[in-house]
Each structure stands twice: as C-alpha cells, then as structure tokens.
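Here is a short briefing to read alongside the model. Have the sequence and the 3D view open, and let's walk through it together.

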Number of protein chains: 2
Amino acid sequence: MQRVALQQTDVFGIMRADLERVEARVEQAATLEFPLASGLVLDIVRAGGKRLRPLMLLLAGRAYTADLDTLITAAAGVELLHTASLVHDDSVDRAALRRGKPTLNSRLGTGAVILVGDFLFAQSAILAAETGSPRVVKIFATTLGDICDGQLREMFDAHRIGQSREEYETRIYGKTASLFAGSTEMGGVIGNAPERHIQELRGYGSDVGMAFQIVDDVLDLTQTSTDIGKPAGNDLRQGTVTLPVMNYANLIGETSDRAGTLRAVVEGEITDDATIDDLVQDIRQSPAIDGALDTARTFAERAKQRIEIVPDSETRDLLAEVADLAFQRLS
Amino acid sequence: MQRVALQQTDVFGIMRADLERVEARVEQAATLEFPLASGLVLDIVRAGGKRLRPLMLLLAGRAYTADLDTLITAAAGVELLHTASLVHDDSVDRAALRRGKPTLNSRLGTGAVILVGDFLFAQSAILAAETGSPRVVKIFATTLGDICDGQLREMFDAHRIGQSREEYETRIYGKTASLFAGSTEMGGVIGNAPERHIQELRGYGSDVGMAFQIVDDVLDLTQTSTDIGKPAGNDLRQGTVTLPVMNYANLIGETSDRAGTLRAVVEGEITDDATIDDLVQDIRQSPAIDGALDTARTFAERAKQRIEIVPDSETRDLLAEVADLAFQRLS
C-alpha cells in the first residue's frame, strides 16, 4: 500500500479516502424508495460508529494485491451487515437509544423494524455477491449465521448465573468477533494472500473482536447513560452475564449476601434500580473490572503477534494500532 | 430428465425423490443447537406447504444439463429463504396461525422470532453460497431484496384506498412472484440453459407467482378460518387492498354507501367484525372475484406460453401443470 510516515498514527486519517468510498456505497445501498423509512435508515447509517470492520477489511486486503473496487464493495457489505444486525438487535433488546440517538425501534413499529433490518441484510448480501467471489460470499453467509448464533445464545443463556468462561467466549465470538474475523479474512481473500496469511488475518480479526466486546462489557458497567445512550449495568438488567460479572461472582464466592443479590438480579427477581445501581457500584470498585481488561489486553496482544506474518510493515503497524483501539474508549 | 408417462400427472409424485432430498437438506440446515427454538423451527419447516419453489427450481434445472446436487442445494436454500420470510412476516402481521398451526410468533417472544428468522436467512444464504455460482448467489440476494421491498410496500401502502393496479402488481411481485422468478432462473442457470431460455424461465416463474398470489388474495376473502388458519377478510382487516377489493371498488363506484364503508374499513376507521363480515360477503357475491381469477388465469396462460421454448417435452408438460396448480385450491 501507499507508503506513509510511521509517526502519523491515526489510522482513520490515513485510510480516509478509502473509507469515504465505502461510506458512499453504504449510503447508496441503504437508500429505500420509502421516504419515511429511508430517512430513518440513513440516520442510523450516518450515526454509525467508526467503520472499524470496513477499516480492518481494507487494511487486510491492502497488505497484499487486492483490487480496490472489490475491497470497497466487500467493506460496504460488511458495514451494512453490521447495521442490519444492530437494527434487529435493538428491536430484540427493545433498546430506546443506540449511539446516543433514538433507535429505529423507538420510532417505527416492530414490523417495520424487522423488514428494514431484512432489507439491509439483503443489500449487504447483494454487495457480497457483487464481489464475484464465491469464497467471500461463503464467509459472509457463515458470518451472518455465527452472529445469529451468538445473539440466540445471549437470549437463551440469559438469567442464568454460573456460566462457564467458554460459554461466554462462544457467545461474544458469535455476537461480535465473528464479523471482525470475517472482515479480515475477506480482505485477505480479496488480496490473494497466501492461505496461511488469510488464516492469521482471520485469527487477528477474531482476537481484536473479542477484545472489543470485553471492553464493551466493561463499559456497560462503568459508563453512564449520557456516554453510551444506555443506563449503566444495562446487560445486568437484561440478565446477560458478562466477563466482569463472572469475575465478580468468583471474587465474592457463592454464599455471601452479595452473591444472593447478584443471583437475584441476573435471574430477574430483583429489578429495582437502587439495588442494581449499588451492585454495579460494587462491581466497578472490585478487581473484576481490571481482571476483564487484562483478558481483553491478552486478546489484543495475541492479535498483534498473529499479524507479524504480514509482509508490508506499514500495514502491519496500522493493524497493530487497530488492535489497541478498543482501549482508547476507556480513557 | 427421466422419461415419465404423460398420463402420470401428479408432478409432486414424479419429483418425490428429488423433493425428499431437498427436505433432508432443509431440515439439516434448520436444526439449531437450542432445543426449544430448534423444535419450533422444525415444526414450521415440517408444516411447510408443497415445496412449490424447490419443485419449480428442480424442474427448470432438470430440463437442461444440471448437476443434481447443486440443484438440490439451491432448492433447499430457496425453501429456507421462503420459510425465513414467513417467520418474519408472521411477526410483522402478528399472525397467530400459519398453515393452520400456531406461528412461532405466538409461541416465542418477538426478539426470539426475529433472531430465528435471521438464522434461517443465514442458513439459506449458506446454501446459496454452497452452489459455488456467483450468479446464483446474486439472484438469491436480489430476490431477498425484492421480497423485503414487496413487504415494505404492503406496509406503507396499507390503509389507502384508490391504489393503482400497477402498485398492486409491483407489491405482489416483490412479496411473492420474485422468489418464484428467482427459483426458475436459478434452475436455468444451474442447468446451463441458453440465456434466452433462462429469461423465459424467469418470466414463467414470475407469472406463476403472480397467479398464485392473486388466487391467495381471492382465497383470503372466500375461505374461512378453519381452511387457512386466518379469519376471512384478513387482508382487509389489516388495510391491505388486493385485486378483488380493487375490482369491487371499481364496481361500486366512489360515491355509494358501500364505497364509504369500504374506505372506512381500509382506513381502519371501522373495525367491528359484523360490518367487515358483511362487506366480505358482498365482495364474494360480486363479479370482483371472477374478475380477479380471470387476471390470475391470464398470468398462468402467459407462463405456459413462455415455456414453449423448453426443449424437453416431459418437463415442459410438468411446468405447465405447475402453472395451473394455483387454481386447484379453489375447488
């Protein structure tokens, strides 16, 4: 890829031109013929996060000999798949805010939200098909399956304390890391990287995704409503047991009063805000948070080791920078 | 394809071996790791209709030199896409029954239904990708987009009398005919049919789908709850204006009392069952029904003309038989 000075560390700035092309493709694909729905969908797309998944796909592809148009197409597909999944997920969670803005769910009926999400899935699948690569399409379809699996697990695992670390990791792999993994794998495939490199890129994406989700799970406990558009401890209120909560459960043992409170909150027997707020405070002040962040850092470090195989040193450095982005949100 | 005696007219019997292979693929793909959800999904899949879309895909492919495994894979993908779309559609409509059985929607929360539908979309996309044909994948993705478009139109067009025939046809093309069209097109593509044949097969599928949907719209008015698992006039109750209702509106003019009642029902101002039942009775006894059926027959006839291009006479006869299947349900 284009040589860049290493001291210029903002990977988003360096990749801006590519990301703007992705943005244009995403907006084009997300435009519906129905003005009301279209406006709401474009609001969501534009409110959208950092385009991290497209960024990672582009970097993985640009480290090799990828056709840029094909990379842009796949990157737009990945971002739309992510958006579709958020639209449905907000409806599943009945969330009122996403990225600090009202969700589609709070502005349209459930039926319309389901259909708009399906429409976005369709548009993302059309973009995947436009790459003309059966392998890219297969990664894409498998990833959608993994995301659903993760979300279904979150639903069916809810309200149950005493889950294994493995169950947690399987769940967040599906829910979050699978699309990061699919993105970097697609980048490698479109870049015609050697198979061993593609596998390491996929592993890198997966590890970065795990780090991101663990940090998200920490932020859910440590950030307040105005920061993230949700009440602190939202996961707990929904009965979702995350890594910091699992760490906390291990710290307090099974027989303490606090263990009883935690169990009752997770099982949905205690729902009053004061008790839950106290519990969240107690978790925040415990070593459970740092323990979870250590785990996230271990994933990020493994991600960086995996990309040592990438021959282009500039891209390698940018990918390493991306692996650490999860932790920027903690400051 | 295998030569069959022409007097053996049950196309489902003739294609049974193929359809059983499709069935096995569908059930395999629809099996989730979550026993509760998996049981419910398999119930829906097994309650499933006649496998008309897989049948049409198989016939279109078998008329040429198709790889049977690839046809079976694509046919299973098409059936799963249809099932996923029904699962979401029942949730959009808040329907309690489908094919005379409780919908998933009436047995799981909305969130679970959304995710199960998404899971089925993912599995169908995986099957499409497994054909290894970028063109099949593209038809598949585009069709999903068309289905969503049709369903969104149905939602946004609801509660509005005075729609054009073109609006109605665009909507039912998306909602129903697009997947029939995609199925026969995929069959032709997998069969390596000449391009002109593929286009006629696609047109045939579209016309058959239009005929089916128009007959469905008639049956919605003429059949009772025990026949179809929905109250008669369900579309009207939801404010959906179908062809027989449009015909009826034209017959009664814009200024009659009945026109006022019809408008009020469509706009959702009148919701009491007695008035709607009377209105449905009046439509049933009017020439509006026969007028709609004539339109459906015109589509079926055009479908049969289109397949005159198909070289294999046995398959051509079977496809012609399928074009008339819509009307069997009227007896």
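pLDDT is the predictor's confidence in each residue, on a scale from 0 to 100. Helices (DSSP runs of H or I, at least four residues) and strands (runs of E, at least two) are numbered from the N terminus. This is a predicted model, in which local features need pLDDT of at least 70 and side-chain atom pairs count only at pLDDT 80 or more, while totals for chains, interfaces and linings use all residues. Residues are numbered from 1 along each chain as its sequence is written, and chains are lettered from A and ligands numbered from 1 in the order in which they are written.

**Confidence**

- Chain A has a mean pLDDT of 90, with 90% of its residues reaching 70 or more.
- Over residues 1–8 of chain A, pLDDT stays under 50, and the model has ten contacts beyond four places in sequence for them.
- For the complex, the predictor gives an ipTM of 0.88 and a pTM of 0.90.

**How the two copies are related**

- Chain B superposes on chain A by a rotation of 180° with 0.0 Å of shift along its axis, at an RMSD of 0.0 Å (least squares on the C-alpha atoms of residues with pLDDT of at least 70 in both copies).
- The two copies are therefore related as by a two-fold rotation axis.
- In chain B, the C-alpha of B:Pro134 is the nearest to that axis, 3.0 Å from it.
- Both copies use the same surface, as 100% of the contact residues of chain B recur in chain A.

**The interface**

- In all, 31 residues of chain B are in contact with 31 residues of chain A (contact: C-beta atoms, placed from the backbone, within 7 Å).
- On the side of chain B that touches chain A, α5 (68–93), α6 (110–130) and α7 (134–157) of chain B each supply at least two residues.
- The most comes from α6(B), with 13 residues.
- By type, this side of chain B has 20 nonpolar, nine polar and two charged residues (nonpolar: Ala, Val, Leu, Ile, Met, Phe, Trp, Tyr, Cys and Pro; charged: Asp, Glu, Lys and Arg; polar: the others, Gly among them).

**A helix pair in chain A**

- Helices α15 (residues 288–306) and α16 (residues 313–328) of chain A have axes that come within 9 Å and cross at roughly 175° (axes are lines fitted to C-alpha atoms, for helices over the stretch in contact, with angles from 0 to 180 degrees between N-to-C directions).
- That makes α15(A) roughly antiparallel to α16(A) (roughly antiparallel: angles over 145 degrees).
- A:Ala296, A:Ala300, A:Ala303 and A:Lys304 in α15(A) meet A:Ala320, A:Ala323, A:Asp324 and A:Ala326 in α16(A).
- The residues of this contact are six nonpolar, no polar and two charged.

Terms used. Two residues are in contact if their C-beta atoms, placed from the backbone, lie within 7 Å. Angles under 35 degrees count as roughly parallel, over 145 as roughly antiparallel, 65 to 115 as roughly perpendicular and the rest as oblique.
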